[in-house]
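The sequence and the structure are shown first.

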Amino acid sequence: MNLHEQLNWRYATKKMNGQAVSQDKVDYIVEAARLAPTSSGLQPFRVLEISNPELKAKIQPIAYGQTQIVDASHILVFAAFDEYTKERVDSVFAQQENERGLPAGSSDDYKNGLMQSFAAQTKDDHFNHAARQAYIGFGMAIAAAAEQKVDATPMEGFVNAQLDELLDLPSKGLKSVTILALGYRDEANDWLVNMKKVRTNLSDFLIQYK
């Protein structure tokens, strides 16, 4: 199957059957998120992989009782940096220089310009920018799950502050953005499983300038 066929196969699974997803498939999906492009290569988000049943049970009421949380094999929480600190940005560019065999400090002009831009913004601006980067990785993970024939449910319906507290994200300098539940569809009990996929017509979706 090509990517378009895989994306047509997938849907936002409403009821999962509890079957475990093999760790190699979960690893593959997470790696797709890790390899996603981000602004200036900053990768200002992290993925929390949760398979512990007790922890998933604690998350379910935070997610308005949605059953996918507990029926999924794994849930991936995408969490973004709460701000761009000098230490975080320095760390990114130091790693880039080291792994590319570049002299230390060779990226300073670009990095310093970037920090000047961030200095003119609020912490909320920083988080909103980082969250948009997280969504790029989130999209990659969804596509990778479809490639692996793993059902994935994107979930924004949860109380972010409560999830952050449960997972102790403030101590990590992170704030939750979205959740991806991974598992396998319960074909007998999912009302959406056989519904036609409906998307905006291409003639309305694509606006061309020629």
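## Helix α5 against helix α6

Lys 86, Val 89, Asp 90, Phe 93 and Glu 97 of α5 are in contact with Asp 108, Tyr 110, Lys 111, Leu 114, Met 115 and Phe 118 of α6, contact meaning heavy atoms within 4.5 Å. Sorted by class, this contact of α5 with α6 holds six nonpolar, five charged and no polar residues. Here Ala, Val, Leu, Ile, Met, Phe, Trp, Tyr, Cys and Pro count as nonpolar, Asp, Glu, Lys and Arg as charged, and the others, Gly among them, as polar.

The model is predicted; local features require pLDDT of at least 70 and side-chain atom pairs count only at pLDDT 80 or more, while totals for chains, interfaces and linings use all residues. Residues are numbered from 1 along each chain as its sequence is written, and side-chain values use heavy atoms, with hydrogens and water left out.

Helix α5 spans residues 86–99 and helix α6 residues 108–119; the two pack at an angle of about 155°, with their axes 11 Å apart. Helices (H or I, at least four residues) and strands (E, at least two) are DSSP runs, numbered from the N terminus. Axes are lines fitted to C-alpha atoms, for helices over the stretch in contact, and angles run from 0 to 180 degrees between N-to-C directions. The pair α5 and α6 is therefore roughly antiparallel, a term for angles over 145 degrees, with those under 35 counted as roughly parallel, 65 to 115 as roughly perpendicular and the rest as oblique. The crossing of α5 over α6 is right-handed; a crossing is right-handed if the near helix is turned clockwise from the far one by less than a right angle, and left-handed if anticlockwise.

Arg 88 also belongs to helix α5. Leaving aside residues up to four places away in sequence, Arg 88 touches Phe 81, Asp 82, Glu 83, Lys 172 and Gly 173.

## Helix α2 against helix α7

The axes of α2 and α7 come within 7 Å and cross at roughly 145°. This crossing, too, is right-handed. On the α2 side, Tyr 28, Ile 29, Ala 32 and Ala 33 take part, and they meet Gly 137, Met 140, Ala 141, Ala 144, Ala 145 and Glu 147 of α7. Eight residues of the contact of α2 with α7 are nonpolar, one is polar and one is charged.

Ile 29, in helix α2, is buried, with a relative accessible area of 0%. Buried means under 20% relative accessible area, exposed over 50%, and partly exposed in between (1.4 Å probe, protein chains only). Beyond residues up to four places away in sequence, Ile 29 touches Leu 76, Ala 141, Ala 144, Ala 145, Val 150 and Leu 182. Glu 31 is likewise found in α2, but is partly exposed at 30% relative accessibility.

Gln 133 lies in α7, which covers residues 123–147, and is buried at 7% relative accessibility. With residues up to four places away in sequence left out, Gln 133 touches Thr 38, Ser 39, Pro 44, Phe 45 and Tyr 84.

| Residue pair | Separation in sequence | C-alpha distance |
|---|---|---|
| Ile 29 and Ala 144 | 115 residues | 5.3 Å |
| Arg 88 and Leu 42 | 46 residues | 8.7 Å |
| Glu 31 and Met 140 | 109 residues | 9.3 Å |

## Positive phi in two loops

Ser 40 is not a glycine, yet has a positive phi of about 60°. Ser 40 sits in the loop between α2 (23–34) and β1 (45–50) and is partly exposed, with a relative accessible area of 23%. Tyr 64, also not a glycine, has a positive phi of about 60°. Tyr 64 is placed in the loop between α3 (53–62) and α4 (68–71), and at 59% relative accessibility it counts as exposed.

## The chain as a whole

The chain contains nine helices and four strands, in the order α-α-β-α-α-β-α-α-α-β-α-β-α from the N terminus. The C-alpha trace spans about 60 × 50 × 30 Å along its principal axes. Of the 210 residues, 42% count as buried. Among contacts with a separation of 6 or more, 80% involve residues 24 or more positions apart.

An unreviewed UniProt entry carries the annotation "domain: Nitroreductase" over residues 8–184; UniProt positions are given in the numbering used here, feature names are shortened, and annotations may be inferred rather than shown by experiment. Over residues 8–184 the chain is 49% helix and 16% strand, with the end C-alpha atoms 16 Å apart.
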